[in-house]
Amino acid sequence: MASPHNIIVFGESGAGKSSIVNMLVGSDVAKISSLATGCTFESNPYDFNIEDVLFKIHDTAGLDEGEAGRVPKIEAIVQLWKLLRDLKDGVSLLIFCMRAPRMKDSPKNNWSLFHDILCQKKVPIVIAYHRARRGRGDGRLVGATREQGSLLEL
């Protein structure tokens, strides 16, 4: 049996990480919350197949929850680093989630830490951002690749 292609979903709390996991897996396997604080406290892996290719997607604790958060930022970073280090089959893709239209220093620093420093720019990365609709609690997930600069509504 072939080893799975590991995908790590990381980023801000409330940015839609678990929603992306559920969309890709095809069922509601990851708990989601509409609160600003996260509901994922540690990395949770989920298997799924696309055209008989096995993937393992890792839902992770949110970064930048602030003082009211359930997982301190440093703990979330350490958990992500350990996950990257311990995956014997390596990482095939990083999905960086953020809330739009917020492009503050923290998301840029998180991107740089994981893509540029820890993965040494050797792992492909895409951005998925959650844009809440005005006056409604639901929103859309929109993705972009750094290399292509293209957007895809999910």
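This is a predicted model: local features need pLDDT of at least 70, side-chain atom pairs count only at pLDDT 80 or more; totals for chains, interfaces and linings use all residues.

Q: How much of the chain is made up of buried residues?
A: Of the 154 residues in the chain, 40% are buried.

Q: And what share of the contacts join residues at least 24 apart?
A: It's 58%, counted among contacts between residues at least 6 apart in sequence.

Q: Let's switch to the helices. At what angle do the axes of helix 2 and helix 3 cross?
A: Roughly 25 degrees, and the axes come within 12 Å. Helix 2 covers residues 73–86, while helix 3 covers residues 105–118.

Q: Are those two roughly parallel or roughly antiparallel?
A: Angles under 35 degrees count as roughly parallel, and helix 2 and helix 3 are therefore roughly parallel to each other.

Q: Is the crossing left-handed or right-handed?
A: The crossing of helix 2 and helix 3 is right-handed.

Q: Which residues make the contact?
A: Helix 2 brings Lys-73, Ile-77, Leu-80, Trp-81 and Leu-84. From helix 3 come Ser-106, Asn-110, Leu-113, Phe-114 and Leu-118.

Q: How do the residues of that contact divide?
A: Where helix 2 meets helix 3, seven contact residues are nonpolar, two are polar and one is charged.

Q: New topic: how many aromatic pairs does the structure hold?
A: There are four aromatic pairs. One of them joins Phe-48 and Phe-55, with ring centres 5.3 Å apart and planes at 15 degrees, so this pair is stacked.

Q: Are Phe-48 and Phe-55 buried or exposed?
A: Phe-48 counts as buried at 6% relative accessibility. Phe-55 is also buried, with a relative accessible area of 18%.

Q: What about Phe-96 and Trp-111: is that pair stacked or edge-to-face?
A: Edge-to-face: the centres of Phe-96 and Trp-111 are 5.9 Å apart, with 80 degrees between the planes.

Q: Which parts does that pair tie together?
A: Phe-96 lies in strand 4 (residues 93–99) and Trp-111 in helix 3, so the pair ties together parts 15 residues apart in sequence.

Q: And what relative accessible area do those two have?
A: Phe-96 has 1% and is buried. Trp-111 is buried too, with 9%.

Q: Last one! Which residues do ring pairs link into a cluster?
A: Phe-10, Phe-96, Trp-111 and Phe-114 are linked that way.

Note on methods
Residues are numbered from 1 along each chain as its sequence is written. Side-chain values use heavy atoms; hydrogens and water are left out. Axes are lines fitted to C-alpha atoms, for helices over the stretch in contact, and angles run from 0 to 180 degrees between N-to-C directions. Helices (H or I, at least four residues) and strands (E, at least two) are DSSP runs, numbered from the N terminus. Angles under 35 degrees count as roughly parallel, over 145 as roughly antiparallel, 65 to 115 as roughly perpendicular and the rest as oblique. A crossing is left-handed if the near helix is turned anticlockwise from the far one by less than a right angle, and right-handed if clockwise. Contact means heavy atoms within 4.5 Å. Ala, Val, Leu, Ile, Met, Phe, Trp, Tyr, Cys and Pro count as nonpolar, Asp, Glu, Lys and Arg as charged, and the others, Gly among them, as polar. Rings of Phe, Tyr and Trp (its six-membered ring) pair if their centres lie within 6.5 Å; planes under 30 degrees apart count as stacked, over 60 as edge-to-face and the rest as tilted. Buried means under 20% relative accessible area, exposed over 50%, partly exposed in between (1.4 Å probe, protein chains only).
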